[in-house]
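Here are my notes on the model. Please read them with the structure open.

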Amino acid sequence: MAYAGERRSTRKFKELKREFFGECMRTRPQCWLCGQPIDYEAEPGSTDDSLTLDHIQPVAKRPDLQEDPANFAPAHRSCNVRRGDRD
């Protein structure tokens, strides 16, 4: 059973995440949190400077936006982890 704010990895979310990563690999945007370049040569989520999908509105606070691509933003893994579930 999922609780309010609990992240669920659904088939739909996995597909949206794959599409998001594909678009980021094509357009190579900078980290939305620090504004610095992301290492697109590294496997997503594998190094501190690699690409991760960050939720602009944290899933812990807005679980209804987990699968909303308008709530997705590119971030370094380290920036995403440091931000946590803060606004």
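**Notes on the fold**

1. Arg-28 follows H1 and has a positive phi, near 50°. Helices here are DSSP runs of H or I with at least four residues, strands are runs of E with at least two, and both are numbered from the N terminus.

2. A word on the basis. This is a predicted model, in which local features need pLDDT of at least 70, side-chain atom pairs count only at pLDDT 80 or more, and totals for chains, interfaces and linings use all residues. Residues are numbered from 1 along each chain as its sequence is written, and side-chain values use heavy atoms, with hydrogens and water left out.

3. Confidence. pLDDT is the predictor's confidence in each residue, from 0 to 100. The protein chain averages 92, and 92% of the residues score at least 70. Confidence is highest in S2, at a mean of 98, and lowest in H2, at 96.

4. Phe-13, Leu-16, Phe-20, Phe-21 and Cys-24 are buried in H1. These buried residues fall within an arc of 140° seen down the axis, so they line one face of the helix. The arc is taken from the directions between the helix axis and the C-beta atoms. On the other side of H1, Arg-11, Lys-14, Arg-18 and Arg-26 are exposed. Buried means under 20% relative accessible area, exposed over 50%, and partly exposed in between (1.4 Å probe, protein chains only). The cover over the buried residues of H1 includes S1 and S2.

5. Which residues form the aromatic cluster? Phe-13, Phe-20, Phe-21 and Phe-72 form one cluster. The whole structure holds three aromatic pairs. Phe-13 and Phe-72 make an edge-to-face pair, 6.1 Å centre to centre with 90° between the planes. Phe-13 lies in helix H1 and Phe-72 in strand S2, so this pair ties together parts that are 59 residues apart in sequence. Phe-13 is buried, with a relative accessible area of 7%. Phe-72 is buried as well, at 8%. The rings of Phe-20 and Phe-72 have their centres 5.7 Å apart and their planes at 80°, so that pair is also edge-to-face. It links Phe-20 in helix H1 to Phe-72 in strand S2, 52 residues apart. For the cut-offs, rings of Phe, Tyr and Trp (its six-membered ring) pair if their centres lie within 6.5 Å; planes under 30 degrees apart count as stacked, over 60 as edge-to-face and the rest as tilted.

6. Leu-51. Is this residue buried or exposed? Leu-51 counts as buried, at 2% relative accessibility. Leu-51 lies in strand S1, residues 51-55. Beyond residues up to four places away in sequence, Leu-51 touches Phe-21, Cys-24, Ile-38, Asp-39, Tyr-40, Pro-44, Gly-45, Pro-74 and Ala-75. Contact means heavy atoms within 4.5 Å. Leu-51 and Met-25 are 26 residues apart in sequence, with C-alpha atoms 9.2 Å apart in space.

7. Salt bridges. The structure holds eight. The criterion is a side-chain nitrogen of Lys or Arg within 4 Å of a carboxyl oxygen of Asp or Glu. Lys-12 forms a salt bridge with Glu-67, and their closest N and O atoms are 4.0 Å apart. Lys-12 lies in helix H1 and Glu-67 in the loop between S1 and strand S2, so the pair ties together parts that are 55 residues apart in sequence. Glu-67 is partly exposed, with a relative accessible area of 24%.

8. Two further bridges. Asp-87 and Lys-61 meet through their side chains at 3.8 Å, N to O. This pair links the segment after helix H2, which holds Asp-87, to the loop between S1 and S2, which holds Lys-61, 26 residues apart. Asp-87 counts as exposed at 68% relative accessibility, and Lys-61 as partly exposed at 46%. Arg-18 and Glu-15 form a salt bridge at 2.6 Å, N to O. These two are three residues apart in helix H1, separated by about one helical turn. Arg-18 is exposed at 53% relative accessible area, whereas Glu-15 is partly exposed at 32%.
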